[in-house]
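Open the structure in your viewer and keep the selection tool at hand.

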Amino acid sequence: AAYMGPGLFRTLGIPVHLGREFQAEEGEPGAAPSILISGRYWRTRLGGDPSIVGSTLTVNGSPFTVVGVTPPDFQFVVDADLFAPMVRGGDMAQARQWHNWLVVGRLADGVTVDEAAAEVSLIMARLADEYPESNQDKGMLISGMQEAMVEGFRPTILMLMGAIVLVLLIACGNVASLLLARGSTRGPEIAMRAALGAPRRRIVQQLLTESVPLGLAAGALGTVLALIAQRALVAATPLTRLGLDSVGFQPEVLGFALLLSLGTVLVFGLAPALMGSRVDLAEELKAGSRSVAGGRARFRSVLVVGQVALSVVLLVGAALLVQSFTRLRSVDPGFRTDNLLTAEIGLPGGEYEVEQRTPFFTELLDRTRALPGVEAAGMISQLPMRDPGNNVPAWNPENPPADASQVRAAYQRNVLPGYFDAMDIPILAGRDVAETDGQGAVQVVLISETMAETLYPEQQALGRELLVDEGDEAGRYEIIGVVGDVAIYSLGAGPQMTMYFSHAQRRSSVMRLAVHTVGGAGAIVGQLRETLRGMDPNIPLAGVRTMDEVLDGSTSFRRTVAGAVGIFALAALLLAALGLYGVLAYQVTQRTHEIGIRVALGARAEHILRMVLGHGFTLVGIGLALGVVGGVAGARAIRGRLYEVGATDPVTFVSVVLFFSLVALLACLLPSWKAWRVDPAVAFRVE
């Protein structure tokens, strides 16, 4: 579920599918509860009933009138099934200092973003004067909606596009090399055409024309494959978070692909065509000529050097990303994750009074611990990484912040006794919450080690007071314990300030269950459902997931990016190896007569091998040197995507150089073996 203000669909220019959107009066206190449902929920859970508008849905035990259905594939900022109206002074908007709403507006005709930003700045200045405690030094950034939604994903998408471009360049280098090799075998034909009066321009035109069908056919095939695999391609990028499930067959996509194919053929076919059209009539028309175009050979060598350099750049980037992902997954989250099942239980507000919440959750926890196969169980309002968010300002009253800019926020969680033991989170000092920490008792809190070091750097935090922003006023709590840090938001986010309150003193209606099992975590799901059904058949066991699934989800984006770049790097490596092999094999073929003479005059096998391998590794060495330089620049460009791995990590660079050298050796061996086995008699007979 999510909250939205009235007029959102009108602002976005999207009509609702059925009914209407929220009206202004539905956002006022005391208004009748109303709700919008998503088109997906309407189809899958409500059967697509067109009479749903005006009916009543029970949400968390309270009746809501359905006023509309969103468009079938509508998704904006959050992926939600239910939308409730934002209510002035309601649960999600009761404190001025919590700036946690996103504002969407449409500019009037003729108004620029800068003009709108200037007007908003005046509004924010007036709010700062009227409400200095909550709005001092607060501003609102005005930006285009598309820019705001993709700003967090743009660097990654650009990185993937860069990898694709490098692979494309390497492939084009191979195409150019093949065209050069093909052109060298057509020397007599080109010479004959020139002798018959064909101008060089016409010869270049003919050679380019022959290359165009190749490029267009490849582009068409690639486009078809991309369209077939488009859902997988989109799923492998962050675009699904923006509600984009597929690209679809669009004329722009087809046009771009065909233009790109044609452009690459023209650009990378031009040099081979120009070289192929430059012939020596006297030499090429001689029968049995053994002339080898030195310019062509040098150009093909330059292409190989470029391919090697680009491949090394991709390999370095892929190696750094994979190493970064591996180190991220090895991070200790601060709690035990094996065989850990998680679930969510929400009590309907209309059926359970506030004082009934803690007894209900305590009984459920006791019954869960008694189930066969359960090793330990605990309850918390929001589990680490599974349910991030919910942080508020907190400070040490003995060392209060000088101004609003120095206030630090801490994540707040409510726990039942035994949660830390169940999760294997160490209590470093003090004690756990107890059943006696209820209403009427001193309000208590446990804080994380990072929070203790941050707010009480030169003091013993245990037994001291902590102030927590609770909206209208600050709550006062006595610190009864310091616990180990856990990964609250993600594995790579680092330790965060976290507070743990007694649920009996902060009786939240939604709690999360964490169950450690002896065997597989999924084996007790049925027992848990039956246990909960026995207490109240109307309360579902929601959001059942293992912690392994949560961890996989938290690192899936990094894994996808590292995997994608790794695939591109391997493709580049294969293409570069093929290019190196092609150049050396062609060189051996062109020099068969020369090699035969060398062998006839007494050249040993190691001399022939050294000649071929030496030429190959000269090209590889130059390419590796250039690739290392480019790899350093590329690694610095993706530095923000790395975790605990330096952009110039020497182990990574040395490993890439050695790995590529091994692949290059394999690519050079076959042409070298072919040269080594040249029979002088056969070579002279061919001549």
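Helices (H or I, at least four residues) and strands (E, at least two) are DSSP runs, numbered from the N terminus. This is a predicted model: local features need pLDDT of at least 70, side-chain atom pairs count only at pLDDT 80 or more, and totals for chains, interfaces and linings use all residues. Residues are numbered from 1 along each chain as its sequence is written, and side-chain values use heavy atoms, with hydrogens and water left out.

**Stop one: a loop**

Select T337. It sits in the loop between helix 12 (294-329) and strand 7 (340-346). Is T337 buried or exposed? T337 is buried, at a relative accessible area of 19%; buried means under 20%, exposed over 50%, partly exposed in between (1.4 Å probe, protein chains only). Contact means heavy atoms within 4.5 Å.

**Stop two: helix 3**

Select residues 113-130, which are helix 3. Colour A116, V120, M124 and A128, the buried residues of this helix. Look down the axis: these buried residues fall within an arc of 115°, so they line one face of helix 3. The arc is that of the directions from the helix axis to the C-beta atoms. Turn to the other side, where E119, L122, D129 and E130 are exposed. Then show helix 4 (132-135), which is part of what covers the buried residues of helix 3.

**Stop three: helix 20**

Select L665. It is found in helix 20. L665 is partly exposed, at 32% relative accessibility.

How values were computed: Expected span 1.5 Å × (residues − 1).
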